[in-house]
Structure formats: structure tokens, C-alpha cells
Amino acid sequence: MIKSFDRRIVTAATTVALGLVLTQAPADAARFSMVYTCAVPILGDRSVQFDGTLTATPDRPTVGTFTRVDLHVSRLSLRPPVAVTSWSAVADVDVAGAQTGAFRLSGSGGPVAAYEPVTGDLAGGWVPRAIGVDRLRLARVVLRVSTAPFGDVVVPCSPREPRPVAETLTVFTR
């Protein structure tokens with residue numbers, strides 16, 4: 001009976017270990033906070049606090065394989081003075097380290113009440129071409145909001161330097 005029980009434990013442990021090796025889990029979300037200068041029509045330049053998380057999937061990206069990158073905006077201190085009927089955004093991400101480059105994230109969302117924070121999710125990805133460590137930093141962000149009183153409004157935002165590393169990835173060989 002003990003030998004049978006031991007075999008079951010070994011079988012279960014092996015199954016779990018193989019499952020952990022074979023599945024591609026997302027990396028832990030990397031939290032960051034940074035300041036942008038946003039050119040808001042009519043109101044002028046505004047300093048905007050931007051807090052979020054950047055998550056790459058799979059957790060162990062490999063050379064030549066698409067790596068999905070998700071940006072969750074948890075706090076944007078820019079609050080629209082009028083109700084927003086819908087919004088969209090694009091964010092450029094710079095890559096530095098084992099390789100250099102850039103890619104874009106995009107996303108959209110629905111209504112936001114006047115003076116409420118805009119939060120949301122953007123997604124995109126990139127294909128690493130070199131083995132090693134890469135640091136991802138957010139760059140320019142462009143918000144497009146639709147409002148009843150003003151129609152479509154474009155708000156370009158430039159990051160203040162120094163920009164924090166939003167995510168660090170180690171790229172492996174296949």
C-alpha cells in the first residue's frame with residue numbers, strides 16, 4: 001500500500017512539474033509610475049501622473065517568437081472636464097539592452113464621466129531577435145477622446161526624463 005501511495009505522489013509531482021514547464025505563464029506585472037507632459041487642447045500643457053503595470057507573455061520569451069505585452073493603466077491624473085463617450089490610445093514602447101527597437105501598444109474603451117479618471121488596457125507585442133536582457137520603457141502616448149461638446153480631441157503626451165524601466169525581460173534561445 002505504501003509503495004502504491006508513493007507512486008501516486010511521484011506521478012502527481014511529475015505531472016505538475018511537466019505542466020509548469022510546458023505552459024507559458026505571463027510574467028508578474030511590473031508596476032511603474034511616471035510623469036508625462038500632455039498638450040490638452042484649449043487648456044494647454046498639463047503635467048500628468050501615469051501609473052500602471054506592464055506584463056509580458058510568455059514569462060520566458062524566446063528569440064523569434066511573438067511576445068505579447070499588456071499595459072494596464074491604473075491611474076491617469078488627467079481627468080476630462082466633460083463626459084467622454086469613448087476613447088482610444090496608442091503608446092510607444094522603447095526596447096534597449098540585448099537589442100534596440102520599439103513597438104506599439106493600442107487599446108480603446110467606453111464612456112468616462114466628467115472629472116473621473118481614465119483607466120484602461122492597451123495591448124501589442126514584439127518579436128525579440130537577440131538573446132539577453134531587454135529593458136522596456138514607455139515613450140510617447142497619444143489619447144483620442146470623443147466628447148459631445150467638442151467632438152474628437154487628440155491629446156499627445158511626452159514622457160519626462162528620466163523614464164523608468166517599465167519591464168525587464170530576459171530573452172532565451174528556443
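Figure 1. Leu-43 counts as partly exposed because its relative accessibility is 42%, a value in between the limits of 20% for buried and 50% for exposed. In this predicted model, Leu-43 is placed in the loop that runs between strand S1 (30-40) and strand S2 (44-57). Together with Ile-42 and Phe-150, Leu-43 makes up a nonpolar patch on the surface. The accessible area of Ile-42, Leu-43 and Phe-150 together is about 350 Å².

**Figure 2. The stacked pair of Phe-32 and Phe-50.** The whole structure contains 3 aromatic pairs. In the pair shown here, the ring centres of Phe-32 and Phe-50 are 5.9 Å apart and the planes stand at 20°, so the pair is stacked. Phe-32 belongs to strand S1 and Phe-50 to strand S2, and the pair therefore ties together parts that are 18 residues apart in sequence. Phe-32 counts as buried because its relative accessibility is 7%. Phe-50 is likewise buried, with a relative accessible area of 6%.

**Figure 3. The stacked pair of Phe-103 and Trp-126.** The rings of Phe-103 and Trp-126 form a stacked aromatic pair, with 5.9 Å from centre to centre and 10° between the planes. This pair links distant parts of the chain, 23 residues apart: Phe-103 lies in strand S5 (residues 101-109) and Trp-126 in strand S6 (residues 120-126). A relative accessible area of 8% makes Phe-103 buried. Trp-126, at 7% relative accessibility, also counts as buried.

**Figure 4. The surroundings of Thr-67.** Thr-67 is located in strand S3 (residues 67-76). Its relative accessibility is 0%, and Thr-67 therefore counts as buried. Leaving aside residues up to four places away in sequence, Thr-67 touches Ala-56, Thr-57, Pro-58 and Pro-61, among others. Further contacts of Thr-67 include Gly-124, Gly-125, Trp-126, Pro-128 and Leu-169. Of these, Trp-126 is also a member of the stacked pair with Phe-103.

**Figure 5. Arg-60 over the ring of Phe-172.** The charged end of Arg-60 sits over the ring of Phe-172. The distance from this charged end to the ring centre is 3.8 Å.

Technical notes. Residues numbered from 1 in each chain as written. Predicted model: local features only at pLDDT ≥ 70, side-chain atom pairs only at ≥ 80, totals over all residues. Heavy atoms only, no water. Helix = DSSP H or I, 4+ residues; strand = E, 2+ residues; numbered from the N terminus. Buried < 20%, exposed > 50% of the residue type's maximum accessible area, 1.4 Å probe, protein only. Contact = heavy atoms within 4.5 Å. Patch = residues over 30% accessible without salt bridge, like charges linked within 9 Å, V, L, I, M, F, W, Y side chains within 5 Å. Areas by Shrake-Rupley, 256 points an atom, 1.4 Å probe, with all protein chains shown as cover. Salt bridge = Lys/Arg side-chain N within 4 Å of Asp/Glu carboxyl O. Phe/Tyr/Trp six-rings, centres within 6.5 Å; stacked < 30°, edge-to-face > 60°. Lys NZ or Arg CZ within 6 Å of the ring centre and 35° of its normal.
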